[in-house]
Structures are given as C-alpha cells and as structure tokens.
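Dear colleague,

Please read the notes with the coordinates open.

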Amino acid sequence: MSTVNREFAETGGAAAGVLERVTMPRSEQRTMRSRAENREYRIFIAVPEGEAPPSGFPVVYVLDANSVFGTMVEAVRVQSRAPERTGVIPAIVVGIGYPTDGPFHPARHYDFTREIRLEDLPFKLREGERPEHGGAEAFMAFIEDELKPRIEETYPIDRRRQTIFGHSLGGLFVLHMLYARPEAFQCCVAGSPSIHWNKRVLLDEERAFASKLSTSGGKPMEGAAHIKLFLAIGELEKSHHTGGGENAAELCERLSALSEYGIATEFKEFEGEGHVSVLPPLISRAVRFALRPEPADRQV
C-alpha cells in the first residue's frame, strides 16, 4: 500500500474500509496478438445493461483506448439511459489499446500510418533515426479479420451499425480505413486527423476512392453506401503550423461532394479547444452522431 493510501486508511478508521481498485461496470480486458506480425494489443470491452435488441447492439471501435476508452464508455452509458430524450441508444464499446498504463504507446505510429518517403515526413529526423511507420494495412487486417470476428462471435453485434473512432494519428487511420475498406464501418469519426503526416498518400487514396464512386454508374459503390463521416477539430488547432484545421475543413468540403453516392459528411469546430482538450466534447458529440435511434422497423 502506498504511503498516501495507508494514511487515508489509518485516518479514516473503520469507515475507510479496505481500499480497492476502481473498475468500470460491465467492462473487461483481454490481450490479443496479431497473426501476421505478432503485435500485442490490449482490448477493452464494455457491454450495456439489459437485453440486446433483435438486431444486436451497435458497436463503437475506439483507437488509442488507453487514453479514451473510459471517456467513451461513460458517455455512451450516461447518454443512452433515455434514448428518447438524448438521441443516443446503448452500444458495445471496443477499445483497441496497447500493453501500457500510459495514455499512448509508441506502437500507434506504426499502426496508424502508411509507408511514406523519408523526405515526406512532417518533421526533421535526427541522424540515424528512422521512426517506425507504415503498418496501417496490417492493422486494418487485424481489426477486420481477427478482432471483429472475435467480438461478433462473443457478443450480440449489429453488423449494420459499426463505428470506428480515432483522434490525431488515429483520425488519420480512420481516413485510411474509409478509403481502403469502405465496407468495414458504416460510421467513421476522425477527430483532429493528422493529415499532414501522410498528406500525399492520403490524397492519392482519396482520389482513388472518389474515382470509384464516380464511375459506379451513378449508384453507391458496393460496400460504400450510407457511410457517415464526422470530422472535427479544436478551434485552437487552426493556428498550428501543421495546418490541421484547414486540412480537415477542406477534406470535408471535398467529401461532401460525394453525398449522391451515399457518403454523408459532417464537420465541427469546437470553440476554445486545442488538439488534446478537444477529446471530451468530441467524444460526446461522436456518440450522438453515431448512435442515433433509427425507425422501429430497423430493429426487427
């Protein structure tokens, strides 16, 4: 027992009781290793109370779970208690994190980025330094081919209501996943996406994605129909040298032109918030964006 906890217990007497770890209700944690690269992930899962609807619960997959899983779970748990008033229905939350007690892990740089030329990196390297990056394709395969099947065989999931949430480099990965595997998620949330990191590569992916949509005979591309994308930044990010705010706003404008092909895009700038402080309001808004109730005939 730490000195602080011992003093708390001693001064509290019998009323203090036994100090125990705080746990999140109806949540659990497990470890998974990717088959292709044997990379270790800490998977967090929170399940709503009550019986699942006939179609199953919607599911929200959260990147950087070590830092945002708890906030997301509590936002869903509190707001979904009265869907008729809050506009939020219960959902399973699956967090993808790493073996650390810190908020972030260096492995995220590899998982969330595509391979790029060293001269295109958004920062100067020290001599002999080469950041690990370029693992986005393998990470996509882990999510789609390993994690999601495990979740779906264990919990009652509505496969037609799946959301992926990412912030910063995680937001960049959400965009990569949208372009590469549009059939994977029906709702994508990219908060403060680090577009500057892979801007050239991302623009190439965006053009290829738009081209497929525009040449689909006027019909939504298979797997890409009815995708909702929420892009958001903090107001204070607009002055950052990476141009994050401008990049996200311009991306939203371009993707909004694809609405006739089933891509619904929304952009939000959170007043007075920066790159990190934007997370709580972003999560609250993302919950309402992703988990809106649908017509009763949708639940049969």
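Buried here means under 20% relative accessible area, exposed over 50%, and partly exposed in between (1.4 Å probe, protein chains only). This is a predicted model, in which local features need pLDDT of at least 70 and side-chain atom pairs count only at pLDDT 80 or more, while totals for chains, interfaces and linings use all residues. Residues are numbered from 1 along each chain as its sequence is written, and side-chain values use heavy atoms, with hydrogens and water left out.

By the buried criterion, Thr-100 is buried, at a relative accessible area of 19%. Thr-100 is placed in the loop between strand E4 (92-97) and helix H4 (107-111), where helices (H or I, at least four residues) and strands (E, at least two) are DSSP runs numbered from the N terminus. Leaving aside residues up to four places away in sequence, Thr-100 touches Arg-42, Asn-66 and His-105 (contact means heavy atoms within 4.5 Å).

Turning to the rings, a search of the whole structure gives eleven aromatic pairs; rings of Phe, Tyr and Trp (its six-membered ring) pair if their centres lie within 6.5 Å, and planes under 30 degrees apart count as stacked, over 60 as edge-to-face and the rest as tilted. One of the pairs, Tyr-41 with Phe-142, is stacked, at 4.5 Å centre to centre and 25° between the planes. Because Tyr-41 lies in strand E2 (residues 40-46) and Phe-142 in helix H5 (residues 136-154), this pair ties together parts that are 101 residues apart in sequence. Tyr-41 is buried at 2% relative accessibility, and Phe-142 is buried at 1%.

Best regards
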